[in-house]
Amino acid sequence: MSDNKKQTRTLEGRVISNKMDKTVTVLIERQEQHPLIGKIIRRSTKLHAQDDLGANEGDVVRIAECRPLSKTKHHRVVEIVTRANV
């Protein structure tokens, strides 16, 4: 028998809001090349994630995909990579 474990997709981003109950908004930034011009441009995505670890604004966190937890929330916070300097 072979192990058919599904690899979960993990992303790293910065918490920009923790005002909701047990939910944080994480900003994922990436750089990609423009297809025509060739210039490097910065793109970003905001995702909602389940937060049981108590992340605050400015923290860099690692999130992983999971089953849909609500209409907009389908990630969970796996670990807090760095804390914000407050």
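**Close-up views of a predicted model**

View A. Gln-50 is buried, as its relative accessible area is 17% (buried means under 20% relative accessible area, exposed over 50%, and partly exposed in between, with a 1.4 Å probe and protein chains only). This is a predicted model, in which local features need pLDDT of at least 70 and side-chain atom pairs count only at pLDDT 80 or more, while totals for chains, interfaces and linings use all residues. Residues are numbered from 1 along each chain as its sequence is written, and side-chain values use heavy atoms, with hydrogens and water left out. Gln-50 belongs to strand E3 (residues 40–50), where strands (E, at least two residues) are DSSP runs numbered from the N terminus.

**View B. Neighbours of the Gln-50 side chain.** Setting aside residues up to four places away in sequence, Gln-50 touches Lys-22, Leu-69, Lys-73, His-75, Arg-76 and Val-77, contact meaning heavy atoms within 4.5 Å. Its side chain makes polar contacts with the side chain of Lys-73 at 2.7 Å and with that of Asp-52 at 3.2 Å (a polar contact is a pair of N or O atoms within 3.5 Å; within protein, one must be able to donate a hydrogen and the other to accept it, and residues adjacent in sequence count only if both atoms are side-chain atoms).

**View C. Met-20 in strand E1.** Met-20 lies in strand E1 (residues 10–20) and counts as partly exposed because its relative accessibility is 37%. Beyond its neighbours within four places in sequence, Met-20 is in contact with Thr-25 and His-48.

Terms used: Helices (H or I, at least four residues) and strands (E, at least two) are DSSP runs, numbered from the N terminus.
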